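Please read them with the coordinates open.

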Amino acid sequence: MKTKSTSRWVPPGWPWELEAMVLLFVVGSILFPFCMVFFPERAAEHAASFWQRALSGWTLGHGYLWALVIGGMYFLHVVWASLTLEYVSTPFIHLLSPTLFAGVGYFRVYGFGSRYGICTLGTGSLEGFLGWIAGVQAAVLVVAWVRKRRHLRRFRGISWDISLPPHFDRTYLAELIFKIHPLFYPPRVYRACGEGILIEGWTYIMPLPFFEIEGIVRADRGDFVSSAFYAATSMRALLRIRLYDNPRPVFISPSHPNLFFRYCQQLLAGRRPADEEARAARRAELAARTVPYGEPQSDEDRDNPYFNV
């Protein structure tokens with residue numbers, strides 16, 4: 001049974017609010033052009049039956065092809081999001097997918113409406129399209145901020161031992177910005193207490209409990225890893241956090257890296273034996289799964305000449 005202190009550090013989980021936005025644009029991109037043939041001005045021009053008009057709208061708009069394309073894109077979105085879901089409250093794919101599908105929907109609806117004279121979505125100009133994309137992306141950031149505020153409620157009442165702003169210098173724009181993550185996940189404050197580390201950004205939080213952290217070390221530019229999560233704004237104050245259940249490290253850059261490092265190092269060194277035993281058992285279980293097929297794992301099996309025959 002999870003205690004309150006443990007449950008508050010559970011990863012935020014799937015962002016259903018943003019997933020609903022994606023589904024809204026997916027369904028709208030497929031079905032809205034189909035429904036446009038039933039608008040009053042269009043229906044008055046055609047005395048055909050309900051199903052004839054429906055089939056005409058579906059065929060003229062090549063709805064079956066668009067349904068396959070958009071459905072395939074959504075399938076890739078779900079697969080990618082499942083693989084990249086981490087401790088961060090809003091995964092990277094969910095920051096971009098709503099805007100991507102909104103852009104597809106814009107061209108789908110506007111192209112169909114302008115071609116067949118039913119209706120149009122805006123003017124179809126570059127300014128109109130960019131305005132639509134900017135509006136949707138702003139809505140995504142607002143939803144992400146609301147998710148962050150909701151998850152922050154779990155940490156009310158915690159007395160933080162360390163609360164440091166990020167260290168910012170020119171290496172952020174010169175080097176870190178090319179890692180993409182620092183562009184979408186700029187940190188706002190790093191906090192730490194006896195239970196774990198909380199990275200808070202402007203639109204996200206990233207809770208890292210100490211029982212999930214294998215170690216924390218100082219990092220330099222030689223430790224610049226491509227497959228990592230960078231919640232950092234400087235290459236000169238990097239700390240590298242290694243996690244047990246995720247091969248991708250997390251890089252942070254607090255304003256006083258030595259103070260933050262010493263604090264976390266002492267807590268990690270003083271973990272309870274029960275936590276270490278649980279971790280050792282977990283690592284042994286994972287190692288057992290990697291034994292090649294057919295190789296005996298116990299002395300009894302090794303002495304059995306008919307093992308795996």
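1. Start with Glu17. This is a predicted model, and in it Glu17 is partly exposed, with a relative accessible area of 28%. Its salt-bridge partner is Arg147, with the closest N and O atoms 3.0 Å apart. Arg147 sits in helix α7 (residues 126-152) and Glu17 in helix α2, so the bridge ties together parts that are 130 residues apart in sequence. Arg147 itself counts as buried, at 1% relative accessibility.

2. How many salt bridges does the whole structure hold? The search finds 7. One of them joins the side chains of Glu195 and Arg8, at 3.1 Å from N to O. This pair also links distant parts of the chain, 187 residues apart. Glu195 is in the loop between β2 (187-192) and β3 (196-201), and Arg8 is in the loop between α1 (4-7) and α2 (16-35). Arg8 is buried at 10% relative accessible area. Glu195 is partly exposed at 29%.

3. Next, look at Glu200 and Arg191. Their side chains form a salt bridge with an N to O distance of 2.5 Å. Are these two residues buried or exposed? Both Glu200 and Arg191 are buried. They also belong to a network of salt bridges that links Lys148, Arg188, Arg191 and Glu200.

4. Buried positions in α7 include Phe129, Ile133, Val136, Gln137 and Val140. Ala144, Arg147, Lys148, His151 and Leu152 are also among them.

5. Now the nonpolar packing. The largest nonpolar core has 43 residues. Which residues have the most contacts inside it? They are Ile197, Ile199, Leu208, Ile241, Val250 and Phe260. The largest share of this core, 6 residues, comes from α2. Take Leu208 as an example. Leaving aside neighbours within four places in sequence, Leu208 is in contact with Trp9, Tyr87, Gly196, Ile197, Ile199, Ile213, Ile241, Leu243 and Val250. Another core lies apart, with 10 residues, among them Tyr172, Ile177, Ala228 and Leu238.

6. Aromatic rings come next. The structure holds 16 aromatic pairs. Tyr106 and Phe107 form an edge-to-face pair, 5.8 Å centre to centre with 85° between the planes. Tyr106 is buried, at 3% relative accessible area. Tyr185 and Phe229 form a tilted pair, 5.2 Å centre to centre with 55° between the planes. This second pair links parts of the chain 44 residues apart: Tyr185 is in the loop between α9 (181-184) and β2, and Phe229 is in strand β6 (residues 229-231). Both partners are buried, Tyr185 at 1% and Phe229 at 2%. One aromatic cluster is formed by Phe25, Tyr106, Phe107, Phe129 and Trp132.

7. Finally, the cysteines. The structure holds 0 disulfides. A disulfide would need the sulfur atoms within 2.5 Å. Cys193 is buried, with a relative accessible area of 4%. Cys264 is buried too, at 0%.

Technical notes:
Residues numbered from 1 in each chain as written. Predicted model: local features only at pLDDT ≥ 70, side-chain atom pairs only at ≥ 80, totals over all residues. Heavy atoms only, no water. Salt bridge = Lys/Arg side-chain N within 4 Å of Asp/Glu carboxyl O. Helix = DSSP H or I, 4+ residues; strand = E, 2+ residues; numbered from the N terminus. Buried < 20%, exposed > 50% of the residue type's maximum accessible area, 1.4 Å probe, protein only. Core = buried A, V, L, I, M, F, W, Y, C linked by side-chain atoms within 4.5 Å. Contact = heavy atoms within 4.5 Å. Phe/Tyr/Trp six-rings, centres within 6.5 Å; stacked < 30°, edge-to-face > 60°.
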